Amino acid sequence: MYLDLVFFENLADLELFSKKFRQEFIVCRNFKNDFELKQLKEKIKGKNLKVCHLLLNANMQELQKFRQKVDFIAVFGKNLQRNKFAVSSEKVDFLLMPAGNARKPEFDAGLARIAAENKVVIGILFNEFLNSNPEDLKDLLRNYLLVARLCKKYKAQLAVFSGAKNAFDLRQVKDFASFLCFLGLKRETALKQVRGLSEFLEKKGKLEGFEILSNSCKNLTTVKKPKFFDILEMVKS
Amino acid sequence: MKNLKKTLKALPLSQRGKKRYVLFEIFAEKPLSATQVEKAVVQKFAELFGSKGLAEQKLQFIGFYGLKNQGILKCSLEKCEEVKAGLLFLKSISGIQCIPSIVSVSGSVKKLKELSESKRVQNL
């Protein structure tokens, strides 16, 4: 299962491309209050969409407030303080765009190592690359070549999302493996990073409920919402 | 000057380098023509990779089938991932907004054409 993170809520478009691209969407937004979150949840009720709260500043209170209410918590980077905050907390799931197009990338080896330890996914938004002018694109690529290299070295989970603000910015997540190759990763590593995101989130306890088809336990073909470690124990036994 | 060659000897297969064909699909608001797509692809690739990059990729536009909105690009095996990444950067073609997606990569055009046909039948 491929997961894509978007910043718009047009249900018709999302459903159409979910079928076409065979992927699921995470709707990401900075919720000002509970009412906004409730409204969105009502809007997407019954749809196969997940909700993510986007933190725009290093605010622990906001993180605590929304942690239980949404599926994922993301922090928008491009700032050393926000990057540090995001990677140092296990409660944060995604650190989006750790570096911008500034001369000095706000991401270093230390942050990559802590992100790997705390299981924070480093998210790259393809939308930023797509909508930047050639001069900015050059700087962005320079910084992200470094980010990709550091994540590879410290084994931090990298993910590329479309980060679309409208339907025309959407891309198939499967194709982002070639974008990671473009950023200097080997093909095998890039494919592993793209395919392994859902498994990584499952291990973190963020995605629950999947089917096991095992020859050893034919009577237990479908397990309703089991936790990852329960299944692992069951398979071992 | 008697024995002047009229044609060059064909380059042996082993010297030509391996190639790959990329089948891509474009979702757009309006139907697109092959010329429009080719122009947009070459322009974007030149902007991203430069002339040297384009030469190394050995990029060749095989065709674009307007009815299916699918096209085939030929490139070198070593630069196949670069070509796939470059296609993702296509945002608009002749002012028409579009969403590119890679369907498949193969070593022969025949296979891709068959795949394209079967996909069309599935969609119908």
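## A tour of the chain A sheet and chain B

Start with chain A and select its strands: seven of them form an open sheet in the order E1-E2-E3-E4-E5-E6-E7, with parallel pairing. Strands here are DSSP runs of E with at least two residues, numbered from the N terminus, and two strands pair if DSSP finds at least two bridges between them. Next, pick residues 2-6 (E1) and 158-161 (E7) of chain A, the edge strands, each of which pairs on one side only. From one strand to the next, the twist averages 30 degrees, taken between N-to-C directions of lines fitted to C-alpha atoms, on a scale from 0 to 180 degrees.

Before going on, a word on the model: it is predicted, with local features needing pLDDT of at least 70 and side-chain atom pairs counting only at pLDDT 80 or more, while totals for chains, interfaces and linings use all residues. Residues are numbered from 1 along each chain as its sequence is written, and chains are lettered from A and ligands numbered from 1 in the order in which they are written.

Now zoom in on E5 (residues 94-96) and E6 (residues 121-125) of chain A, which pair in the parallel sense over three bridges. Which residue in E6(A) is the bridge partner of Phe94(A)? Select Val121(A) to see that partner.

Then switch to chain B, which has four helices and five strands; helices are DSSP runs of H or I with at least four residues. Colour chain B from the N terminus and follow the elements as α-β-α-β-β-α-β-β-α. Its C-alpha atoms fill a box of roughly 60 × 35 × 25 Å along the principal axes.
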